[in-house]
Amino acid sequence: MVTLALQPWCVRYGNSLCLLDATYRTTKYALPLFFLAVKTNVGISVVAEFVVQSETREAIKKGLQQIKQWMEEDTNHPKDWHWQPKFFMTDFCEREIVAIEETFPGIFLNTGVCLTCVLVSTV
C-alpha cells in the first residue's frame with residue numbers, strides 16, 4: 001500500500017535510491033511485512049509497505065509491481081514520469097534480489113547491507 005500523503009516523496013526521492021526491508025522476523029506476526037523506504041532530505045522515510053502470505057520471489061515481485069502500478073496511475077506527477085529507481089538496497093536474500101531485478105530490469109542492486117544499520121546511521 002502506498003499512502004497518498006507519501007506518494008510525492010516517492011516521486012521526488014524514489015528514482016534515485018530505494019530500500020526494501022522485510023521485518024516480520026522481528027515481530028510477533030508470522031506474515032512477511034515489507035517496507036519500501038527512500039532517502040529524503042530529512043533521513044530515511046517509509047513510503048510504502050506490503051504484506052504477503054509467503055516470502056516467495058513471486059509474492060515479493062507482485063507486491064513491488066502493485067506499488068509500481070499505483071505510482072504510475074497517480075495523477076499528481078507528470079504523465080511521462082515512471083517510478084524507475086536507479087539503485088536499490090536490500091538484505092542478502094535471493095528472493096528479494098530476484099524480485100527487484102525482475103521488476104526493475106537493469107537496476108544497480110546493493111545487497112548484504114544491514115538496513116537497520118543504515119536507518120540508524122542516518123538519524
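**Exercise 1.** Is Lys-61 buried or exposed?

*Solution.* The model is predicted: local features need pLDDT of at least 70, side-chain atom pairs count only at pLDDT 80 or more, and totals for chains, interfaces and linings use all residues. Residues are numbered from 1 along each chain as its sequence is written, and side-chain values use heavy atoms, with hydrogens and water left out.

Step 1. Buried means under 20% relative accessible area, exposed over 50%, and partly exposed in between (1.4 Å probe, protein chains only).

Step 2. Lys-61 has a relative accessible area of 17%, so this residue is buried.

Step 3. Lys-61 belongs to helix 2. Helices (H or I, at least four residues) and strands (E, at least two) are DSSP runs, numbered from the N terminus.

Step 4. Contact means heavy atoms within 4.5 Å. With neighbours within four places in sequence left aside, Lys-61 is in contact with Ala-99, Glu-102 and Thr-103.

**Exercise 2.** Describe how helix 2 and helix 3 are placed against each other.

*Solution.* Step 1. Two packed helices are described by the angle between their axes and the distance between the axes. Axes are lines fitted to C-alpha atoms, for helices over the stretch in contact, and angles run from 0 to 180 degrees between N-to-C directions.

Step 2. The axes of helix 2 and helix 3 cross at roughly 40 degrees and come within 8 Å. Helix 2 is therefore oblique to helix 3; angles under 35 degrees count as roughly parallel, over 145 as roughly antiparallel, 65 to 115 as roughly perpendicular and the rest as oblique.

Step 3. The residues that meet include Lys-61 and Leu-64 in helix 2, and Ala-99 and Glu-102 in helix 3. By class, this contact has seven charged, five nonpolar and two polar residues. Here Ala, Val, Leu, Ile, Met, Phe, Trp, Tyr, Cys and Pro count as nonpolar, Asp, Glu, Lys and Arg as charged, and the others, Gly among them, as polar.

**Exercise 3.** In what order do the five strands stand in the open sheet?

*Solution.* Step 1. Two strands pair if DSSP finds at least two bridges between them.

Step 2. The order is 3-2-1-4-5, and the pairing is mixed. Strand 3 (43-51) and strand 5 (108-110) stand at the edges with a single partner strand each, so one side of each has no neighbour in the sheet.

Step 3. Strand 1 and strand 4 pair in the parallel sense over four bridges; Leu-20 has Thr-90 in strand 4 as its bridge partner. Strand 4 (residues 87-90) and strand 5 also run parallel, joined by three bridges. Phe-88 stands opposite Leu-109 in strand 5.

Step 4. Helix 2 (residues 57-73) packs on the sheet, where it touches strand 1 (17-22), strand 2 (33-40) and strand 3. Helix 3 (residues 94-103) also packs on the sheet, touching strand 1, strand 2, strand 4 and strand 5.

**Exercise 4.** Where is Thr-23 found, and which residues is Thr-23 in contact with, leaving aside its neighbours within four places in sequence?

*Solution.* Step 1. Thr-23 lies in the loop between strand 1 and strand 2.

Step 2. Thr-23 is buried, with a relative accessible area of 16%.

Step 3. Beyond those neighbours, Thr-23 is in contact with Leu-33 and Phe-35. From C-alpha to C-alpha, Thr-23 and Phe-35 are 7.7 Å apart in space, and they are 12 residues apart in sequence.
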